[in-house]
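Here are my notes for your first look at this model. Keep the structure open while you read, and take the points in order.

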Amino acid sequence: MTTAVREQIVKLMEVNRRTHDGLTYTLPSPLLYPFQWLWDSCFHAIIYSYFDTDAAEAELNAVCSRPLPSGMLPHIIYHRPPDPTAPAQWGREERGDVIDNAWGTVGTSSITQPCIIALAIRRVYEVTRNKEWLLRLYPIVRAHFDYLENERASTEYSPLLIIVNPDESGEDNSPRFDSTLGLPPQHVAGTHLDSRIHLIRAYAQCNFQVNGCMTDHFSIIDVPFNILYAEDLLHLAALATYLGDTKQAERWIRQSQAVKVALRKHLWKDWYFKSLDTRTGEHIEVATWSHFMPLYGGLLSESEAHDLVTYDLEDSTMFRTKFGLPTTAQNESSYDPVDGFWRGPIWHAPHWFLYHGLKRYGYTKKAEEIKDASMRLIEQSDFYEQYNPHTGEGYGAKNFTWGGLVIDMV
Ligand code: GLC
């Protein structure tokens, strides 16, 4: 990483940082995303762990500050209401959908996002060794995992977890969710958002009861979500061990193994791990970047990994593009490299997962190629939310923080 890019990252994080009511956190992008998001903040803490551990600790304190009564950490925290006089930048805000509690609860959303929280805490703790801090966050994170295990484990495919809204995957409009939502491969983005908000409205009516309500509308065992859960259980076990809770650590290690076994048993189909719609019992066939997440979670044999990396990743009709890994395979009818959002454009977090997955299997040169592609995107187009895989042009939110993850491609 060049010093210039490192300095740009430090500056970006500083500019996006806010403090309200004694809590300090970082906006993913000040104009478009003026709140705190769960997995974004975990990325932020990992980025901060390289140059500002106070900011890293503060970020995680803030993201753990508003668990729901169930223990679940919500995917958005509105630390302060948006400025009503500000120009409407955000589709959802414009409709008044989010803020007037259509995401469920006042002050936060009612759904969650993928688990990276234990990893983020672990990364910060391993730099600071601040046990007092760890002791404060540990019970909050533990309650979140207890919620997931008790409320979100699928009855039929336990201990795999279900998500109840596409936004819980972090990939809001990924084509993985089209069939469940009854949407064709090509549609207007607003239609997709409407169907997600519609779900939340239905959930609010049954007080967010998981079984017997939410899962009647939407119930997906998503590949990345479950792989991240399995990995984060191991990080949680490490945190428990640091605090001398070895019994609990062993339990979480066993749980992680059980999730990985179940992933293989229920989601492995025709050479890929595929998300599963539990309402129909059918696997989701659309090819997205999630095909590479099993590398991150160490779920593949050496030869399976070899095939994936040698063929799919190198296939210019699927996942090979000039600037790296597109979020949806190019030969899918839903592929849209310009306006697609999660339906084609490159995002930095998938690159970060892929980088670490490739390293895990010893594909160091390919991992470096992904890192170089991420760096080129930043150098050419600055910090954007998404990028065109063929031209590198930046789209969506400006000054978006996820590019900072290149600091952790080491
Ligand atoms: C978009 C992304 C989501 C992210 C949020 C804030 O909704 O799809 O993953 O958490 O923006 O950056």
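This is a predicted model: local features need pLDDT of at least 70, side-chain atom pairs count only at pLDDT 80 or more; totals for chains, interfaces and linings use all residues.

**Notes on the cysteines and the overall fold**

1. Start with C115. At 3% relative accessibility, C115 is buried.

2. A disulfide needs the two sulfur atoms within 2.5 Å. C64 is buried too, with a relative accessible area of 2%.

3. Now find the pair that does bond. A disulfide is a covalent bond between the sulfur atoms of two cysteines. The structure holds one. It joins C206 to C213, with 1.8 Å from S to S. The torsion about the S-S bond of C206 and C213 is about -75°, so this disulfide is left-handed. C213 is buried, at 6% relative accessible area.

4. Step back to the whole chain. The protein has 16 helices and 13 strands. Its radius of gyration is 20 Å, close to the 22 Å that the globule rule gives for 410 residues, so the protein is as compact as a globular protein of that length. The C-alpha atoms fill a box of roughly 50 × 50 × 50 Å along the principal axes.

5. Look at the packing. Of the 410 residues, 60% are buried. Among contacts with a separation of 6 or more, 69% link residues 24 or more positions apart.

6. Finish with the surface and charges. The accessible surface is about 15600 Å², and carbon and sulfur atoms account for 50% of it. The protein has 37 positive and 52 negative charges, and their mean positions lie 4 Å apart.

Key. Residues are numbered from 1 along each chain as its sequence is written. Side-chain values use heavy atoms; hydrogens and water are left out. Buried means under 20% relative accessible area, exposed over 50%, partly exposed in between (1.4 Å probe, protein chains only). Helices (H or I, at least four residues) and strands (E, at least two) are DSSP runs, numbered from the N terminus. The radius of gyration is taken over C-alpha atoms; the globule rule is 2.2 Å times the number of residues to the power 0.38. Contact means heavy atoms within 4.5 Å. Accessible areas come from the Shrake-Rupley method with a 1.4 Å probe; for residues, only the protein chains shown count as cover. Lys and Arg count as positive and Asp and Glu as negative; His and the chain ends are not counted. The place of a charge is taken as NZ of Lys, CZ of Arg, CG of Asp or CD of Glu.
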